[in-house]
Amino acid sequence: MSADKKDPRLAILVDSIVRLSRGDLSSRIEPSCARDEVDAVITGVNLLAEELEQVYDQFEKRVESRTAMLRQAHLDMMKMAMSDALTGLANRVALMEGMETALARTHDGALPPALILLDLDSFKNVNDRFGHDAGDRVLQEVAARLNSVVRKRDMVARLGGDEFAILLPEATMDVAMQVARRALQVLGKQIQLEDLYVHSRASIGVRLGDPGQSAEDLLLDADTAMYAAKREGRSIIKVFEPLMLYTRQSRSQMATELRGAIASDDLVLHYQPVVELSTNRILGVEVLVRWQHPVRGLIPPDTFIPLAEEIGAIHDLDRWVMLHSLRQLAEWRRTLPLDDDFQLRVNLSAVELKQLDLVDHVRALLRELGVPAQNLVVEITETAIVTRGEVEMYSLLSLQQLGVGIEIDDFGTGYSSISYLRELPVSMVKVDRSLLVDLDTRPGQLDFVAAILQLIRAAGLEAVFEGIETKEQADKLRDLGCSSGQGYYFSRPLPAGPVTELLTGSKYLKVPADSL
Amino acid sequence: MREEPPGEADASSDLDARGQHTDPDATADSNGITIMTLSAGERITEAIAEAKAAEARELAGTVARPLLIDISGVLSIDREARAVLGRASVSTAIALLGSSPVDRVIGSFLLGGQPPSCPVEFFSSRSEALEWLAGYRRYPESDER
């Protein structure tokens, strides 16, 4: 083609390049039959466009697949963030969201949601006795069982630890109670873990939401009901009542005050004499702690000791009592003509018995105060040692080696058999007051107590009776050959001052001729 | 210009000894060199490329040998077809034979996608191409030259 004649293919080529530059990568030009240089350029442009189109295509596909991967990862993360890894149940975040959604629907006239909170009773024991693996498997089984009692649209969540929740959107109190009862029922059945059988009963709180209520309040109310259930006796269902909230608030206030009282020595120690029944000689005293509350007055231990246990202040409380009562004993030993065998009896909680440094603490205190170990007796409840934990056994054996006396408190109320007690480093048994209640009136009760006393002796242990309130009781026990006891008949628990006076006067307690 | 294979101009030579038609573009052997011909005026699709590659493999057996690909006058070679021919790994060297600037452009795209696994050259003369390829023969028959 001559140079002065314009080749029409060039114009077509320019148009095509313009189309390509605008992003129309499908633009192609048919080369002519000449197959000359212009056709070569056309072919080259076609091939480059094809390559470019291919690259774009691959790029877009890659973006698409990466976007899909990102979306999936986001979904996975959402799922992870909203679910409990151990049980696969919804977690607290998901539950809160579920509650908010269900509560929001009440604005459009929907029924309110109900929230059921469940806390496993004694789950900590499972972990302590069988290990965390077993504990995890129990939690998984509980999750599966709870899932089996709900409808598809209900939500079962694990809030952490051994606390579970069931959210029933658009519920009535009837429906909520049905589900709660079914949950209690399925959890009542034993869980088998290979050769272990575990009970996973739960305390359950139920709250039917109010329209317009916040999710936080709904959770708090259900939680409050659950705690009420727990306190009232476990394995029961409690429906939320506003009064519970008040009780809880005042309890929480008391918890703060109790911690403060321990820290600022606002507790008071009372001492109840333990007497030799044949002679009325004072053998020692049992220490009983009281709380001198600035507003409520003297608070009895059966109110604040369970609270101390619940809020984890029992350890501090026990140490406070041990320190201050041993100081008192040291002072009495310095200033009064006490018998060498005069013993101070101090109650130790199950929690304290689990402290690895308990023995060191007691040893150091005794040394510091110059009190011989045999002048101290620790009283522990049967329940504190029934599991025979390694640390508990270590504590008991070491205390015994130190020379400290060990007494089982409230004997006859728990699980212990005499033969079981023989295997423990225990030297004394305090027989629970409940056995004396009918001693005067119930036929055969005296024989029953006599038999128990004989058993305790046969096991090589000493028996101390508590709750002796009348002369008749004291006489009968004395006749049975029982050596020591305590109770209002002899003396009620007294503050340190009057006890000092009592010990100053005589080693023998003056008792009234008649019953109190 | 493309050198016509002997007898190609004569239509009667399309008949073999038994009087049946033979394909003038069939892959053939020339003294240990595989000659692959992509038909002029045709759009080479993936299927065509696969068939050609299969013929070349069958001819070569398990031994690598030089390959001449005649692309003279080919209308276009699809991307997928280029990928098939580019994968040919049974060659010791590849000579691309073309006659026009268009053939040259198509040739440079044919094996240009990825670094060649063997020497590749473009020729516009069949004899030069065969001579260059002869240097890459490994077969005993190369002695028959």
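Predicted model: local features only at pLDDT ≥ 70, side-chain atom pairs only at ≥ 80, totals over all residues.
Residues are numbered from 1 along each chain as its sequence is written, while chains are lettered from A and ligands numbered from 1 in the order in which they are written. Local features need pLDDT of at least 70, side-chain atom pairs count only at pLDDT 80 or more, and totals for chains, interfaces and linings use all residues; side-chain values use heavy atoms, with hydrogens and water left out.

Chain A is assigned domain 1 (8–69), domain 2 (92–240) and domain 3 (251–505). These bounds come from an automatic or database domain assignment. Between the C-alpha centres of domain 1 and domain 3 of chain A lie 97 Å.

Chain A holds an open sheet of five strands, in the order 2-3-1-6-7. Its pairing is mixed. Strands here are DSSP runs (E, at least two residues), as are helices (H or I, at least four residues), and both are numbered from the N terminus. Two strands pair if DSSP finds at least two bridges between them. Strand 2 (155–160) and strand 7 (237–239) of chain A are the edge strands, and each pairs on one side only. From one strand to the next, the twist averages 20°. Axes are lines fitted to C-alpha atoms, for helices over the stretch in contact, and angles run from 0 to 180 degrees between N-to-C directions. Strand 6 (residues 202–208) of chain A runs parallel to strand 7 of chain A, and three bridges join them. A:Val206 stands opposite A:Val239 in strand 7 of chain A.

Chain B also has an open sheet of five strands. The order is 1-2-4-6-7, with mixed pairing. Strand 1 (28–30) and strand 7 (120–123) of chain B each have a single partner strand, so one side of each lacks a neighbour in the sheet. The twist averages 25° from one strand to the next. Strand 2 (residues 33–37) and strand 4 (residues 65–70) of chain B run parallel and are joined by four bridges. B:Thr37 stands opposite B:Asp70 in strand 4 of chain B. Helix 1 (residues 46–60) of chain B packs on this sheet and touches strand 1, strand 2 and strand 4 of chain B. The direction of helix 1 makes about 165° with that of strand 2 of chain B.

The two chains meet through 13 residues of chain A and 14 residues of chain B, in contact (heavy atoms within 4.5 Å). About 1200 Å² is buried between chain A and chain B, 57% of it on carbon and sulfur atoms. Buried area is the accessible area (1.4 Å probe) that two parts lose on being put together, summed over both. A:Arg35, A:Leu47 and A:Glu51 supply 49% of the area that chain A buries against chain B, more than any other three residues.

Five salt bridges are counted between chain A and chain B. A salt bridge is a side-chain nitrogen of Lys or Arg within 4 Å of a carboxyl oxygen of Asp or Glu. One joins B:Arg79 to A:Glu51, with the closest N and O atoms 2.9 Å apart. Over all chains, the structure holds 39 salt bridges. Within chain A, A:Arg145 forms one with A:Glu141, the closest N and O atoms being 2.8 Å apart. A:Arg145 and A:Glu141 are four residues apart in helix 5 (residues 132–147) of chain A, so about one helical turn separates them.
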